[in-house]
Amino acid sequence: MSHQEHRPNTEGKYKWIGTRPDRPDGADKVTGRARFGADFNLPGQLIGKVLRSPHAHAVIKSIDTSKALALSGVKAVITAKDFPDQPNLIVPTGEMQVNMRDITRNIMAREKALYEGHPVAAVAAVSEAVAKQALALIKVDYKVLPHVIDVAEAMKPGAPILHDHLLTEGASPPATKPSNIAKRIEFKKGDAKAGFAQAEVVIEKDYTTQAVHQGYIEPHATLASAAEDGQIQVWSTTQGHFQVRGFCARLLGVDTSQIRVTPTEIGGGFGGKTVVYLEPLAMRLSQKTGKPVKMTMAREDVFRASGPAPGGNVKVKIGAMKDGRIVAAECIVEMQAGAFPGSPVGPACMCSFACYDIENVYIEGFDVVSNRPKVAAYRAPGAPISAWAVESTMDILAQRLDMDPIDLRLKNAAKAGTKTAYGVTFNTIGMVETLQAVKDSEHYKSPVKPGWGRGVAAGFWFNIGADSSAASHVGEDGSVTVISGNPDIGGSRASLALMAAEELGVDYNKVRPIIADTASIGFNFVTGGSRVTFATGLAVVNSVRDMIRELKVRAAKIWKIDPEAVIWENGMAKPAGNQVGTFEPLSLADLAAQAGRTGGPINGHAQLNVTGAGPGFGVHCVDLKVDDDTGCVTVGRYTAAQDVGTAIHPSYVEGQLQGGAVQGVGWALNEEYIYNAQGKLENPGFLDYRMPVASDLPKIETILVEVPNPQHPYGVRGVGEVPIVPPIAAVGNAIARATGVRMVDLPMSPPRLSAALDAARPRRMAAE
Amino acid sequence: MSEVQYQSAKTVKEAVKMMQAAKGKGYILAGGTDLLVQMKSGARTPGVIVDVKKIPEMVTVTEKNGAFTIGAATPAAVLGENKKLRKAWPGVIEACNLIGSTQVQGRASAGGNLCNASPAADSVPALVAAGCIVNVAGPNGKRAVPVEKFCIGPGKTSLKTGEIVVSLTLPKRPKGSSDAYLRLIPRTEMDIAVVGVGVSLTMKGGTVTDARVGLGAVAPTVLLVENAAKALIGSKLDDAALDAAADACSAACRPIDDKRGTIKYRTKIAGVLLKRSALIARDRINGVEHRGHRPV
Ligand SMILES: Cc1cc2nc3c(=O)[nH]c(=O)nc-3n(C[C@H](O)[C@H](O)[C@H](O)COP(=O)(O)OP(=O)(O)OC[C@H]3O[C@@H](n4cnc5c(N)ncnc54)[C@H](O)[C@@H]3O)c2cc1C
C-alpha cells in the first residue's frame, strides 16, 4: 500500500480537487522538451566564469585583472568595484532574511574572502575555454587569515573574527566587542525552572548536526542580456524571479521595471534557489560588454559556494511526570549562519516544541558566523535540526517511562487553542489526527522483525502565505489560461489548474496554467514556505471568481437582466430562478464568442497579501536494521503521515512527503560537509557527499491526513516542508531501539555508528 | 588550451606504435569512465588518446584449457553476460559488475579499472585473489605480470612508455574452487569502496587446500595478503581460522584517515569482510547461490 485513497474529509465533495490528472508540464519534462536554466542561449552570447577564493579567510589586498583583459577573446572582467556598496538593510528572502550589505559581499567578495569558493572576480569571454584561461591570469594578492569552521569554536573568545562590525544583537548585557555571534534570541512561556523542579523525570542531552546541501540536481544557471537603452532581460533557474529582479535592481542600482526575469523550468531548489549568485554577475558583465552573457555553476561550485543548510549544536532538556505529561522543556540552539549573519535559528527555536502543549518552556538561540558559505533555506529551514534533538529526547523519555512513543506524544499533543512558546495560539490543526493515523496504520500495528528497530518522530512547520498575484483569461473558444508567477517545483501548476477548474466548473484540460515573467504578472513572493498551492492558489481562485463575476455581467447583458439575478453553476451562467425569466444557460464558450459585443475580453485578476496559512504536522515511522559489524543501516519500511489540509492533487502531495522523507534519511545517515584543516571543503561532489540513491530506500509509504485549513476556500495547507522535519530523529530512534545505542551526532554514517556500537559493546553484552 | 588528438587502433601493434609516438603524453581509451572524467576535471591532460575498442582481442573473452583470457577493454556488462566465466569466477565478475551503475558498466572495463591504479578499484582485489596474470604488449614485445605487482602506487602502474595491457588471464581452476568479492560502501551503489576484499578458495572434503586473498582501499595499492591465505589453508573455515585470517587482513592494512573512513574503521572492516567473503566462496563451492555485495 503506497498511499491511502480513503480521505473522509474531502471524499465526494469535489469534482476535480483530489483527482490525479497528469501535470501540465509533465509531457515536456519526460520527453526532454522542457527547458531548464542551462538550456537558454542567445546569438552572440559570451560565457561568464567566476574566480573563487582558494582560502577560507583572507584579506583581498589587490586584484590585477590586466593580463586577463589583455587575453584575446576576453570581453570584460568584473570585481566588487563594479557594484555599488549597499546599506545595512534587511530584506526577506523566502523564509529567511538577508542584509543587502551582506548580499553584495556574498556575490562578490569586497574587503575579505570569507570562505573557500567565495567569488572574487568574474570574466566574460567568447568561449568557456578562453574564460577559464582568463581566470588563471587574474592575480589576487591575498593576506591569509586564521579561519574558523566550527560553531562552538567560532563562539569562543579569541576566535578569528569574520566581521569587525558585528556586535551580538540581543546580548545581555549589550555587546561592546565584535564577535561571531550575530544574534541571541529567546522564547519563554511559563516558568521553566519551576516546571523542572516539579518534574518526576528529567532527560537532558546534547546533539550535533552537520551542514547539508539541498542537493538539487540542476546547478545554478542564468543568461542575461542588457540592451543599450538600459533594459535587461534575464533567464534564470530560480524559485523566485521577482526576488531575482528585486535583488539585482538593488545590486546594480537600476529600476525593477528595467529588469525582466523569466524563470526557466527548475530542476529542484528546496529553498536553495531563493537567493542570487550568478544573476547579478551575468547582468553586470552583459552591461559592460553589450552582449548576452551565460553563466552556469559546476557541481563543485554549487557545493562550495551556494547555500547549504546549516549544522548546529542543540541542547535539550525535557521534564515530565511519571504519567508522561511534560511539565517543562528547554532547548538551546547554536546554529551556523555561514559567512554572513542569518541562519534559520529563529524557526529552529520556534518549531522545537511546537508539536506539544507544554506549560513551561525556555528556548534560546544563537546565530553564528564562520568561514563557510552563507546558508540558504532548505525545506523547513532550521526545524529538522531542533526536531532531531527534541524528538530523540522524547524517545528517550518514552523508553524511560516505558510508554509507547505515540501515546507519549498523544498525551502532550498540541491542539486547537494550544499556545506555542513563540506566542501563536493554534487554530484547527491535525497533530492528534496524524499521530492517531500512524498508530492505526498497518505498519505500526505490524510486529517489529527480530533484530530490527522501529523509530517514530514528529515534526512541525508553520507554512506561510505572503504576496501573490494571478490572472485568468478566457480565450475566444472558452478555454482558460491561468497566469501566475511562481516557478513550479512541486507540481503547483497542476494544483492551481485543478482549483481553477473546480471553481469554474470546467474540465481540467480546458485550463492551461502559465508561469509568467516579472513583466507579465503582478508581484509574487518566492516559491517557498510551502506557500504556492495555498497562497497563489487563493489568488488563482480569487481571479477566477473575479472572472466569474464578469461572466455573470455579460450573461446579464445578453439576457437584459440584473447581474445579481445570474448564477454560475457547472461552468455555465444560469438565471437565478424562474422569477427572473427563462433563459437557456450560457456556457463559457457561448459567452466568450459574444465577448466583443458584450464589453470586450473577459479576464479576472487578483492580488493579495495572504494570511491564515495553516501549520502542518508530520509523524514518521521507520523500521531498520543495523549491521553490527559494519555500522551500515538498512531501511526496510518507512511510513510518512501528515496533516495536509486538503490534498488538491494527492500524487504530488505524496511526492512531497516521499521526497522530504528521503532527504531526511540522507541527512540522518550520510550527508555532511567535510572540511580539512585549511578550511577547504573535501567533498564537493556527489561521490563523497552522499545523498541516498534509489537502492538505499524502500518505497516511502504515505498517509494523507486531511484536516482542512479553515482559512482557505479549499482547505489547503502547505505540505512541502513538514516531511523533512521528522525523519532524522525517526531514524535515530529506530537505531537506538535496534541496537540500544543512542546516537547524538550526525550523520549516523557507518564509521561513526560502528565506533559507537564498539564503544557500547561491553555494556550491551552485560545487558544481555 | 591544450589540444587532444584522438586516434583509433585496429591492432595491438598499431596501438603500441601510437603510444610510443605519443612519447609519454599518450593515454589508452578503453571505456573512458575514468579517463574522460579526469580530463574534464583537469586531473589528466593527454596529448593523444588511443582508442583500443576496435581491437578484437582487446574486447573479447576466450577460454583455453579452462583458463580465461579477458580482453582488457571488454565492458563489464559483457563480462557479466558470459555464463561460463561467471560460473568459474563469480567473485571476479561480481566485482566487475559492482563498478558504477548499469550505464557505467556498458563501458567500464577491467583493464581500465586496473590501469587507472586506484587502490579502491573494485575488480582488482578479486583479480589478485584469482591469481590473474596481466598480459602486456610494448615496443620490446610481450611480457606477463602477476596482477598484484602491476600497480606501484596510487595512479601509478609498472607500464613503460609505449606499453599497454592487452588482456587479463585467469588460470584454470581445480575442482572445488570458487571466489567472492565484498566491498563496504556507505550507500548501496554508486560509491567508492572504503574497503574491498576478494577471496579465492579451493576446498577438498570441507578443508581449504588453497586460498588467495586480495585487499583493496587500505594501502597505496591493492594487497595480496599471504598471511590471511595461510590462516585459511588447512582449515575448515572454523571461527579460529577465520579470526586469524581476519586479523592478518587487519594487520596488513596501511590505510589513511580520510573523508571516506577512519584508519580504525577500515582496519576493522578488512577483517569483517574477509570472513564474510570466505564464507560466500565456500557456499559457492557447495553450490549455494549468493548475490554477494552488502549482505543484509
Ligand atoms: C559514475 C561512476 C561510477 C564509478 N563507480 C566505480 C566503482 O563502483 N568501482 C570502481 O572500481 N570504479 C568505479 N568507477 C571508475 C571507473 O568506472 C572504473 O575504474 C572502470 O573500470 C574504468 O574502466 P574504463 O574502461 O572506463 O577505463 P578508462 O577510463 O578508459 O581508462 C582508465 C585509465 O586506464 C588507462 N587504460 C585503460 N585501458 C588500458 C590498457 N588496456 N592499457 C593501458 N592503459 C589503459 C587509461 O589510459 C586511463 O588512464 C566509476 C566511474 C564513474 C564515472
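Mentor: The answer below begins with the interface and then turns to the strands.

The model is a predicted one, and the description that follows rests on its computed coordinates. At the interface, 21 residues of chain B are in contact with 28 residues of chain A. The area buried between chain B and chain A is about 2,100 Å², and carbon and sulfur atoms give 52% of that area. On the charged side, six salt bridges are counted between chain B and chain A. One of the salt bridges pairs Arg276(B) with Asp629(A), whose closest N and O atoms lie 3.3 Å apart. Helix H12 of chain B, residues 263–285, gives the most to the side of chain B that touches chain A, with five residues. By class, that side of chain B has eleven nonpolar, eight charged and two polar residues. Polar contact across the interface of chain B and chain A is found for 14 residue pairs, both residues being at pLDDT 80 or more.

Seven of its strands form an open sheet of mixed pairing, in the order E3-E7-E1-E14-E11-E12-E13. Strand E3 (74–78) and strand E13 (259–263) of chain A each have a single partner strand, so one side of each is left without a neighbour in the sheet. Direction ignored, neighbouring strands of this sheet are turned by 20 degrees against each other on average. Within the sheet, strand E1 (residues 46–52) and strand E7 (residues 119–125) of chain A run antiparallel and are joined by six bridges. Leu51(A) has Ala121(A) as its bridge partner in E7(A).

A further open sheet of chain A has three strands in the order E6-E2-E8, with antiparallel pairing. Its edge strands are E6 (112–113) and E8 (139–144) of chain A, each pairing on one side only. Strand E2 (residues 58–64) of chain A pairs with E6(A) over two bridges in the antiparallel sense, and Val59(A) stands opposite Lys112(A) in E6(A).

Chain A also contains a hairpin. Strand E4 (residues 90–93) and strand E5 (residues 96–99) of chain A run antiparallel and are joined by four bridges. Thr93(A) stands opposite Met96(A) in E5(A). The hairpin of E4(A) and E5(A) has two residues between the strands, and Gly94(A) takes a positive phi near 60 degrees there.

Key
Residues are numbered from 1 along each chain as its sequence is written. Chains are lettered from A and ligands numbered from 1 in the order in which they are written. This is a predicted model: local features need pLDDT of at least 70, side-chain atom pairs count only at pLDDT 80 or more; totals for chains, interfaces and linings use all residues. Side-chain values use heavy atoms; hydrogens and water are left out. Two strands pair if DSSP finds at least two bridges between them. Axes are lines fitted to C-alpha atoms, for helices over the stretch in contact, and angles run from 0 to 180 degrees between N-to-C directions. Contact means heavy atoms within 4.5 Å. Buried area is the accessible area (1.4 Å probe) that two parts lose on being put together, summed over both. A salt bridge is a side-chain nitrogen of Lys or Arg within 4 Å of a carboxyl oxygen of Asp or Glu. A polar contact is a pair of N or O atoms within 3.5 Å; within protein, one must be able to donate a hydrogen and the other to accept it, and residues adjacent in sequence count only if both atoms are side-chain atoms. Ala, Val, Leu, Ile, Met, Phe, Trp, Tyr, Cys and Pro count as nonpolar, Asp, Glu, Lys and Arg as charged, and the others, Gly among them, as polar.
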